[in-house]
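Me: Could you walk me through this model? I'd like the overall picture, then a few local details.

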Amino acid sequence: MKFLLVVLAVACVAVVAATHLCYLFTWLLGKVGRFACHYRPFLLSMFALLGALLAAFLYGHYVGPYDVHTRQVDLRFRSIPSAFDGYRIVHISDLHLAGWIGHEDKLADAVGQINRLRPDLICFTGDLVSAGYEEFHTTLPVLRRLKAPDGVVAVFGNHDYSYYRRDFTDEQRERHVEELIRMERSELRWHLLLNQSHIVRRGADSIAVIGSENQSCGVHHVIQKGNLPLAMQGTDGMFRILLTHDPTHWRDSVLHRTDIPLTLSGHTHAMQFSMFGWTPASLIYRESAGHYQEEGQQLYVNVGLGSVVPLRIGAYPEITLLTLHQQ
């Protein structure tokens, strides 16, 4: 919260300074061009901008992080088995459970939204926590309510490795990761895939959900633990869905290099800001939010259900319902 207040203060100072610079420049032009320049319109404009900035901050902090939106997307493939035509996957990402502590009722509402969609499978593409497994203490009972006939399949994101706990030794970080793995698999009973695959069957047909460990191939490349060939072992000939936290992995290692038709990612959060369809994340990530396809391979980037910092403007917390269809 302190960080956000500092950002708000800096933004307010910038508005005040910019307004007065504009007035000074116009006043100087008035002196040269011999026309009158009045301060009042600039003053009113400054207060209007400061009011809009404060309103956006209040909305973004108190409403935005919990204003969960459901997006429904139909995806079509030639290679999907007939038994999976109409298969429903809820895709969620980046829960960052620290942000839900004290707001467990709102997390429960999001879980209820997911369950009411009646998905066949739930896919979670990483960053369950922000710093460590302690964030489970009050949120675990809520997450246990997630239901789907084929369960929940998950992967790790960069935050799940406790990399950002600078006070940790390597041994402490390793213990934290081991405990997080145990809790996801034993307490939540999720299928946590660490360069592994999970087969979903419908009669004689099957699809493979492949889970890569975090493999960041763009500007944020501190954690590179993905081993795609290992994760793909035993899935030859199957329709494959790849879960990988960072969408840069898709263009670097999946697109044109494998026959994986569908990849699901998160990570970007759309920088928790979007206006008129534009997000600053697009300046960093070529695939920053939503649905992408190229030469028969498709990627969906979920902008996250949780928040790194408690501020979202426009980039609403997202639950995505993906329905697979035969083309």
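**Overall picture**

Reply: The protein chain has 7 helices and 12 strands, where helices (H or I, at least four residues) and strands (E, at least two) are DSSP runs numbered from the N terminus. This is a predicted model, in which local features need pLDDT of at least 70 and side-chain atom pairs count only at pLDDT 80 or more, while totals for chains, interfaces and linings use all residues. Residues are numbered from 1 along each chain as its sequence is written, and side-chain values use heavy atoms, with hydrogens and water left out.

Me: What box do the C-alpha atoms fill, and what share of the residues is buried?

Reply: Taken along the principal axes, the C-alpha atoms of the protein chain fill a box of roughly 85 × 45 × 35 Å. Of its 327 residues, 49% count as buried, a term that means under 20% relative accessible area, with exposed over 50% and partly exposed in between (1.4 Å probe, protein chains only).

Me: At what angle do α1 and α2 pack?

Reply: Helix α1 (residues 2-33) packs against helix α2 (residues 40-62) at about 160 degrees, and their axes are 10 Å apart; axes are lines fitted to C-alpha atoms, for helices over the stretch in contact, and angles run from 0 to 180 degrees between N-to-C directions. That angle makes α1 roughly antiparallel to α2, the label for angles over 145 degrees.

Me: Switching topic, which residues have a positive phi without being glycine?

Reply: Among them are Arg189, with phi near 60 degrees, and His269, whose phi is also near 60 degrees. Arg189 sits in the loop between α5 (170-187) and β5 (191-192), whereas His269 is found in the loop between β9 and β10.

Me: Are those two buried or exposed?

Reply: Arg189 is exposed, because its relative accessible area is 67%, while His269 counts as buried because its relative accessibility is 5%.

Me: What about Ile284, where does that one lie?

Reply: Ile284 lies in the loop between β9 (262-265) and β10 (290-294), and at 39% relative accessibility Ile284 counts as partly exposed.

Me: And Gly86, how far is Gly86 from Leu324?

Reply: The C-alpha atoms of Gly86 and Leu324 are 5.2 Å apart in space, although the two residues are 238 residues apart in sequence. Gly86 has its place in the loop between β1 (69-77) and β2 (87-92), and Gly86 is partly exposed, with a relative accessible area of 29%.

Methods
Parallel < 35°, antiparallel > 145°, perpendicular 65-115°, else oblique.
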